[in-house]
Structures are given as C-alpha cells and as structure tokens.
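Dear colleague,

I am handing over a structure to you with this message, and below it I have set out what was found in it. Please keep the structure open while you read, so that you can look up each residue as it is named.

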Amino acid sequence: ALGPVPLQMARTQKNKATAHHLGLLKARLAKLRRELITPKGGGGGGPGEGFDVAKTGDARIGFVGFPSVGKSTLLSNLAGVYSEVAAYEFTTLTTVPGVIRYKGAKIQLLDLPGIIEGAKDGKGRGRQVIAVARTCNLILIVLDVLKPLGHKKIIENELEGFGIRLNSKPPNIGFKKKDKGGINLTATCPQSELDTETVKSILAEYKIHNADVTLRSDATADDLIDVVEGNRVYIPCIYVLNKIDQISIEELDIIYKVPHCVPISAHHRWNFDDLLEKIWDYLKLVRIYTKPKGQLPDYTSPVVLPYCKTTVEDFCMKIHKNLIKDFKYALVWGSSVKHNPQKVGKDHTLEDEDVIQIVKK
C-alpha cells in the first residue's frame with residue numbers, strides 16, 4: 001500500500017511524466033488540510049476561550065512567534081499592555097489585545113499564543129490561534145535573532161498550511177466553473193509546470209469536470225489549488241528580529257539587508273520607531289480629515305480607511321450608513337483632486353490626508 005500523501009510526494013521523482021501525479025497529491029493534501037481548518041459540525045463546546053477577540057480600531061496586527069522569543073515583552077512595551085511576562089515557556093495562553101495610537105489611527109495588537117509546530121495539524125491550541133491570525137491586516141513574526149531561520153521556516157509552514165499567504169499577491173489565474181463543456185485551459189504566457197493534463201487531474205480531485213481556467217502568469221500547481229480552494233488570505237508580514245543586544249554590529253548590518261525584516265530589542269526598547277514606521281508602510285492605511293462647514297478641518301482624529309476601500313462612498317459608510325442616503329456631493333482638498341476644493345461624487349477615490357466636507361441634500 002502507498003504511504004500517506006506527504007510520503008508519496010517525497011517518494012515521487014520530479015519530472016514531466018510525474019508532474020500531474022504530484023499536482024494531484026498536492027490537491028489531495030490541500031483538501032485534507034481544509035478539513036482541519038473548518039472543523040466538522042456537531043454539538044459540543046464553543047470555539048475556545050479567549051480567542052474570539054472583538055475587532056476594534058482601524059487595523060489589527062497579529063504577533064506570532066515561538067514561546068520565549070519576547071513577544072509579550074514587545075507587546076507590553078509597545079502598548080503598555082501588561083501581558084503576564086515570565087521567563088518560562090508558554091506564559092501567554094489566551095490572546096491579549098492591546099491598542100496603540102499611531103499617526104491618528106487606532107491599531108489593535110494581538111499576541112497570538114506561541115504557535116507550536118504542528119498547529120495546522122490540530123496540535124495545541126494552534127487551530128484557534130490561526131483562525132484569529134487569518135483576520136489580521138498584518139502579521140508580525142517575532143524571531144529570536146540567535147536562532148531565526150529554523151523558527152522562521154516552521155512558522156511560515158504553519159501559516160501556509162492554514163491558507164495564509166505572506167507578502168504575496170493572489171495568483172493571476174482566472175477560474176470559472178460551468179455546467180458543461182469540459183475543462184478549457186487558456187494560457188497567456190508560457191507555462192513551466194501546468195499543462196492540460198495536470199490541470200485536469202487537479203480539478204478532478206475536486207470533482208470539477210467543467211470549468212474555464214485562464215493562466216495569466218507562469219503558475220504552479222499550488223497557485224491553481226489556492227484559486228480553486230478560494231479560502232486563502234493574503235496578508236503582509238514583517239519579521240521582527242528580537243534580542244539584537246546579544247549580537248555584534250557586523251551581524252546587525254547583515255540583518256538590515258534581509259527583506260521584510262526589522263531588528264529590535266524589546267527589552268531595551270531599541271528601534272521601535274523603525275518598526276512602527278514599517279508597520280505603517282505595510283498597513284497602507286489612508287487617513288481622511290473631516291471639515292464641518294465654515295470651520296477648520298479636524299486634524300486630530302482622522303477617519304481611517306483600508307487602502308482598497310477609499311472612495312467617498314466607503315468614507316460615508318465608515319461614519320454612518322445613513323450618510324450616503326442624504327449625500328449630494330462632497331468637497332475635497334488634497335492630492336486626489338486637481339483643484340482645491342473640488343466637487344466630487346460618491347465614486348471619487350480619496351488619498352491619504354485628503355480633507356473632505358460632505359454636502360447633504
């Protein structure tokens with residue numbers, strides 16, 4: 001008998017002839033993992049204590065890391081939240097939220113308890129932790145600078161296995177199920193891994209026999225599986241290398257060259273401003289200042305929007321859903337308009353630090 005799926009994958013030689021067999025195994029593995037992410041129904045207890053944290057503020061950042069890398073110290077020094085800090089492992093057993101104010105935005109910090117290897121296979125409290133991680137706008141992976149790479153790989157594998165894709169964009173693949181007509185594969189550029197045979201065998205594993213698939217970039221079997229599964233989340237991620245007080249200047253210079261990386265010392269509060277600046281860059285939040293008629297703009301409390309939802313309508317919805325009903329037009333000052341002020345409709349896209357005045361009917 002053939003071994004379990006990962007074993008079969010390891011034993012399969014990689015070449016053209018086996019490509020679609022490997023694709024099939026990858027699809028099978030993705031399906032098994034999905035069953036772990038979405039547990040089967042049935043009575044029993046709730047979703048676990050202390051994990052369903054209400055979403056407050058304009059953005060949510062999850063801190064992920066192994067026990068004892070200094071997550072709690074970093075969190076309490078950043079937010080002044082007192083999360084029980086101790087030198088022994090597994091102190092943080094539930095999620096501790098903290099909120100920081102930065103550039104006018106309220107940012108929620110969540111300390112996700114140490115993800116232990118194998119969380120995606122249902123070990124530890126990993127499953128609930130990762131469910132919360134999926135709702136974050138940014139993930140900070142906190143690593144110990146003395147043993148970073150091993151930990152980094154393990155955590156990335158954990159998050160990947162749960163359908164979280166770090167620092168990557170959704171694959172450029174069009175996928176549409178149909179009622180009949182078989183599998184239509186169109187590729188707009190040369191493909192190094194996927195051919196009709198492989199695509200058919202991956203889709204067959206999902207019992208999909210009629211679909212249009214358009215590959216607009218050189219895609220892998222994993223990319224196709226992500227698109228078919230459709231439950232992937234794409235989240236930016238910063239690697240925070242803690243405990244830099246224990247290394248040399250030369251080593252620090254090397255670390256600075258690593259992409260998505262910020263070296264800090266949580267204990268000594270070194271380099272926090274750098275970290276906050278990078279967090280701000282990765283969150284891509286847009287601040288809009290409001291101006292009541294005949295008054296100066298209020299620069300103290302901006303309305304903060306996520307970068308993908310920045311139309312005047314989104315702005316109105318963030319304040320109150322009734323606002324859009326009485327909406328006549330808006331006056332906007334700032335970089336999104338040619339004249340200051342300019343009259344705009346509800347479809348106008350706002351940019352960071354614009355000033356807006358809503359005129360009602």
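**Salt bridges**

Glu205 is buried, with a relative accessible area of 13%, and Lys31, at 19%, is buried as well. Please bear in mind from the start that the model is a predicted one. Side chains of opposite charge can pair when their charged atoms come close. Glu205 and Lys31 form such a salt bridge, in which the closest N and O atoms are 3.4 Å apart. This pair links distant parts of the chain, since Glu205 belongs to helix α6 (residues 196–205) and Lys31 to helix α2, 174 residues apart.

Helix α2 (residues 19–37) also holds Lys26, which forms a salt bridge with Asp222, with 3.7 Å between the closest N and O atoms. Because Asp222 lies in helix α7 (residues 221–229) and Lys26 in helix α2, the pair ties together parts that are 196 residues apart in sequence. Are these two residues buried, exposed or partly exposed? Asp222, with a relative accessible area of 39%, is partly exposed, and Lys26, at 24%, also counts as partly exposed.

A further salt bridge joins the side chains of Lys178 and Asp212, at 2.9 Å from N to O. Lys178 is found in the loop between β6 (173–177) and β7 (183–187), while Asp212 is in strand β8 (residues 211–215), so that the pair links distant parts of the chain, 34 residues apart. Lys178 is partly exposed, with a relative accessible area of 26%, and Asp212 counts as partly exposed at 28%. Salt bridges that share partners also join Glu160, Arg165, Asp226 and Arg232 into one network. A search of the whole structure finds 14 salt bridges.

**Aromatic pairs**

A pair of aromatic rings is described by the distance of the centres and the angle of the planes. How many aromatic pairs does the count come to? There are two aromatic pairs. In one of them, Tyr102 and Trp280 are arranged edge-to-face, with 6.0 Å from centre to centre and 70° between the planes. Tyr102 sits in strand β2 (residues 96–102) and Trp280 in helix α9, so the two residues link distant parts of the chain, 178 residues apart. Both Tyr102 and Trp280 are buried.

Tyr289 and Tyr299 have ring centres 4.8 Å apart and planes at 75°, so this pair is edge-to-face. Since Tyr289 lies in strand β12 (residues 285–290) and Tyr299 in strand β13, the pair ties together parts that are ten residues apart in sequence. Tyr289 is buried, with a relative accessible area of 7%, whereas Tyr299, at 52%, counts as exposed.

**The largest pocket**

Rolling a probe the size of a water molecule over the atoms shows where empty space is left. The largest pocket has a volume of about 800 Å³. It is lined by 27 residues, and those closest to its centre are Asn137, Tyr234, Pro236, Tyr307 and Cys308. By class, 14 of the lining residues are nonpolar, four are polar and nine are charged. At least two residues of the lining come from each of β9 (233–235), α9 (272–283), β13 (298–306) and α10 (312–319). Where does the largest pocket lie? Because domain 2 (57–165 + 231–280) and domain 3 (285–358) both give residues to its lining, the largest pocket lies between them.

With best wishes

Methods
Residues are numbered from 1 along each chain as its sequence is written. This is a predicted model: local features need pLDDT of at least 70, side-chain atom pairs count only at pLDDT 80 or more; totals for chains, interfaces and linings use all residues. Side-chain values use heavy atoms; hydrogens and water are left out. On a 1 Å grid over the protein atoms alone, a cavity is a set of points where a 1.4 Å probe fits but cannot get out, and a pocket is an open set with protein on both sides within 12 Å along at least five of seven lines; lining residues have an atom within 4 Å of a point. Grid points are joined across faces, edges and corners, and a volume is the space filled by probe spheres set on the points. Helices (H or I, at least four residues) and strands (E, at least two) are DSSP runs, numbered from the N terminus. Ala, Val, Leu, Ile, Met, Phe, Trp, Tyr, Cys and Pro count as nonpolar, Asp, Glu, Lys and Arg as charged, and the others, Gly among them, as polar. Domain bounds come from an automatic or database domain assignment. A salt bridge is a side-chain nitrogen of Lys or Arg within 4 Å of a carboxyl oxygen of Asp or Glu. Buried means under 20% relative accessible area, exposed over 50%, partly exposed in between (1.4 Å probe, protein chains only). Rings of Phe, Tyr and Trp (its six-membered ring) pair if their centres lie within 6.5 Å; planes under 30 degrees apart count as stacked, over 60 as edge-to-face and the rest as tilted.
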